[in-house]
Amino acid sequence: MKPFTRRGLLKGSVCLAGLVAFSRRTAAGILTPSTAEGPFYPRAAMRFADVDNNLAKVSGAIKEAGGEIIILKGKLLAKDGKPLAGLRIEIWQCDVNGKYLHPHDNRPVIYDTGFQGFGHDISDLNGNYRFTTIKPTVYPGRTPHIHVKVLDGQQTLLTTQFYIAGDKNNQADSLFRRMSAKQAGSVSMTFTERNNILETNVDVII
Ligand SMILES: [Fe+2]
């Protein structure tokens, strides 16, 4: 990772936390809070392979992923509200059984081979991104979440996590609790049903 990622800067600047928090309040709303990457970020070969934005269907596989299928979409925006086009957005999450597609997830749970586990999209000219995936489930010790990373080329601009709005496990989750109410709201997914599928919109402000 290059030294001048936002995450790197934040990591080394604990004493500036207050200043950073202040600078994140912008005309377009607060910047999307950054969060720990976690241990199961897909390996390099997987990250830059052509892994599409439909995690609920593995190319060539007959069965679809187990779990509740959702559409996760939104815009990538600059702090002044302008759309950010051409950025790579990645998501990764555990399958319906709480198992990550990663060699370091050693839990004795069978992985759902119908679930892609990781995917990416490229934001369009209006900053839009879109994924088909599953509603996140409980992973031991964590509230349901989807990991999210935004990159410009190979430079990470943001690493964060999305949560289910109002999930009963949120308040017991240390990463969730670390956020202000506004920050938590900015990464919380509220679902509406459209064409018999749950859909949620989360804009990412960088
Ligand atoms: Fe996770």
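Residues are called buried under 20% relative accessible area, exposed over 50%, and partly exposed in between. The exercises below concern a predicted model.

**Exercise 1. Classify K73 and E199 by accessibility, and describe the salt bridge between them.**

Step 1. K73 has a relative accessibility of 22%, so this residue counts as partly exposed.

Step 2. E199 has a relative accessibility of 10%, and therefore counts as buried.

Step 3. A salt bridge requires a side-chain nitrogen of Lys or Arg within 4 Å of a carboxyl oxygen of Asp or Glu. In the pair K73 and E199, the closest N and O atoms are 3.6 Å apart, and a salt bridge is formed.

Step 4. The two residues belong to distant parts of the chain: K73 is in strand β3 (residues 69–77) and E199 in strand β11 (residues 197–201), 126 residues apart.

**Exercise 2. Determine how many salt bridges the whole structure contains, and describe two further examples.**

Step 1. K82 has a relative accessible area of 54%, so K82 is exposed.

Step 2. Another joins E90 and R88, whose closest N and O atoms are 2.7 Å apart. Both E90 and R88 are buried.

Step 3. Shared partners join K73, R194 and E199 into one network of salt bridges.

**Exercise 3. Identify the protein donors of the iron ion and locate Y100 and H147 in the chain.**

Step 1. The protein donors are Y100 through OH, H145 through NE2 and H147 through NE2, at 1.9 to 2.1 Å from the iron ion.

Step 2. Along the chain, these donors follow the spacing Y-x44-H-x1-H.

Step 3. Y100 lies in the loop between β4 (88–92) and β5 (118–122), whereas H147 lies in strand β7 (residues 145–152); the pair, 47 residues apart, links distant parts of the chain.

Step 4. Y100 and H147 are both buried.

**Exercise 4. Describe the largest nonpolar core and the elements that supply it.**

Step 1. The largest nonpolar core has 32 residues. Those with the most contacts inside it are L72, Y129, I146, V150, F162, M189 and V204.

Step 2. At least two residues of this core come from each of β3, β4, β6 (128–134), β7, β8 (155–164) and α4 (174–177). The element that gives the most is β8, with 4 residues.

Step 3. Apart from this core lies another, of 8 residues, among them F40, C94, Y100 and Y139.

Key: Residues are numbered from 1 along each chain as its sequence is written. This is a predicted model: local features need pLDDT of at least 70, side-chain atom pairs count only at pLDDT 80 or more; totals for chains, interfaces and linings use all residues. Side-chain values use heavy atoms; hydrogens and water are left out. Donors are N, O and S atoms within 2.8 Å of the metal (3.2 Å for Na, K and Ca); water is not among the atoms, so sites may look incomplete. Buried means under 20% relative accessible area, exposed over 50%, partly exposed in between (1.4 Å probe, protein chains only). A nonpolar core is a set of buried Ala, Val, Leu, Ile, Met, Phe, Trp, Tyr and Cys residues joined through side-chain atoms within 4.5 Å.
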